[in-house]
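Take a first look at the fold before reading on. Follow the chain from end to end, then come back for a guided walk.

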Amino acid sequence: MILAGDIGGTKANLGLFDVQAGKLVRVVHKRYSSHEHAGLEEVVRHFLQENKAEVTAASFGVAGPVVNNRVQGTNMPWVVDGAEAASFLALKRVRILNDLEATAFGVRELPPHDLETIYPGLPVSDATCVVIAAGTGLGESILFWDGKQHLAMATEGGHADFAPHTPQQADLWRFLCTRGQGVYIELILSGRGFKTVHEFLDPSARHPGFDNPSVDVAPEITQQGLAGTCPVCVATLNLWTEIYGSEAGNFAVRSLARGGIYVAGGIAVKVLPKLIDGRFAAAVRDKGKMDNLLAKIPVYVVLNEECPLIGAAYVAWKGL
């Protein structure tokens, strides 16, 4: 029985997996709020008390830079240590992954119906792929071909600088500069980024919750943007999507991702109608001399939000 976890800034997803006929099969799954618990051990003990099982392997994907099998969460106060997890689970080893590294491993295990092709391109099966995922933060990872299989490599690309691509985006960069913080791409390509872009486009347009820091206004902005009921929300969603596509294209150019771009994370599924209208794919390809290369790179949206959990289970199963 394999215990897997996907630990992020707002949620801690835990699941138990079995291996049947050479495939991972999820037995049980539960989502916890990370802010309501002191750390991984507390959540895991609670989960295993509810679901009696003899765990034989475990792995956890965590949002943050993993060094020596240990990570301090980027958008949460938890410290997750593989040696400590192995101790309280009575296992020889527990692998700690970056959450996007886990997502990348999970992508390779998904059936075709869990992927939405938004641009077909000309995929190369043994070439590098990239995974990008906007959610509480922005995650990026690389799937590289080692000659026999695809292996995942973590990055912290979401904390790299925002690279404006148009005069409007340059104005957004200047707007963010006035807030007295470094202008890194996660400030825009994350849930909190929708409010930032909305306020940039029209500071006078306000919605319920804008003045309450405890309220997540992203769902209202994206819903009104998709429905067309608020012009500023429509413009916000359009600009946000263009920046998302541009960043995905940047990532693909830097890694020569001829195998494809996989767009994961909770936001992608919620704004899927906008991602498939052509705006995202056009922004991916708009790279000057690299247009011809990018025109051949397929773009997929990951529809299964448990992809990082599946990836963590896969790593534990294979002992990677």
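**Hairpins, a sheet and some helices**

β10 and β11 form a hairpin, with 4 residues between them. In that turn, G147 has a positive phi of about 105°. Strands here are DSSP runs of E with at least two residues, helices are runs of H or I with at least four, and both are numbered from the N terminus.

A word on the source. This is a predicted model, in which local features need pLDDT of at least 70, side-chain atom pairs count only at pLDDT 80 or more, and totals for chains, interfaces and linings use all residues. Residues are numbered from 1 along each chain as its sequence is written, and side-chain values use heavy atoms, leaving out hydrogens and water.

β10 and β11 (residues 150-154) pair in the antiparallel sense over 5 bridges. Two strands pair if DSSP finds at least two bridges between them. Look for S141: its bridge partner in β11 is A154. Another hairpin links β9 to β10, through 3 residues. How much of β10 (residues 138-145) is covered? Most of it: 6 of its 8 residues are buried. Buried means under 20% relative accessible area, exposed means over 50%, and partly exposed lies in between (1.4 Å probe, protein chains only).

Now find the open sheet. It has 5 strands, in the order β3-β2-β1-β4-β7, with mixed pairing. β3 (23-33) and β7 (95-98) stand at the edges. Each has a single partner strand, so one side of each is left without a neighbour in the sheet. From one strand to the next, the twist averages 20°. β2 (residues 11-20) and β3 run antiparallel and are joined by 10 bridges.

α1 (residues 40-50) lies across β1 (2-7), β2, β3 and β4 (57-62). α1 runs at about 120° to β3. Such angles run from 0 to 180 degrees between N-to-C directions, and axes are lines fitted to C-alpha atoms, for helices over the stretch in contact.

Next comes a loop residue. M76 sits between β5 (70-72) and β6 (79-81). Is M76 buried or exposed? At 7% relative accessibility, M76 counts as buried. Which residues does M76 touch? Leaving aside neighbours within four places in sequence, M76 is in contact with I7, G8, G9, S34 and V62. Contact means heavy atoms within 4.5 Å. C230 is another matter: 154 residues separate M76 and C230 along the chain, and their C-alpha atoms are 33 Å apart.

Turn to the helices. Two packed helices are described by the angle between their axes and the distance between the axes. The axes of α4 (167-177) and α7 (231-255) come within 12 Å and cross at roughly 95°. That makes α4 roughly perpendicular to α7. By the cut-offs, 65 to 115 degrees is roughly perpendicular, under 35 roughly parallel, over 145 roughly antiparallel, and the rest oblique. On the α4 side, Q168, Q169 and L172 make the contact. On the α7 side, L239, E242 and I243 do.

α5 is mostly covered, with 7 of its 9 residues buried. Among the buried residues are F194, V197, E199 and F200. What covers them includes α4, α6, α7 and α8 (266-270).

R206 lies in the loop between α5 (193-201) and α6 (218-227). At 37% relative accessibility, R206 counts as partly exposed. The side chain of R206 makes a polar contact of 3.3 Å with the side chain of E199. A second polar contact, of 2.7 Å, joins the side chains of R206 and D211. A polar contact is a pair of N or O atoms within 3.5 Å; within protein, one must be able to donate a hydrogen and the other to accept it, and residues adjacent in sequence count only if both atoms are side-chain atoms.

Last, the cysteines. A disulfide is a covalent bond between the sulfur atoms of two cysteines. How many disulfides does the structure hold? The count is 0, with the cut-off set at sulfur atoms within 2.5 Å. The sulfur of C307 is 12 Å from the closest cysteine sulfur, in C129, too far for a bond. C129 is buried at 2% relative accessibility, and C307 is buried at 1%.
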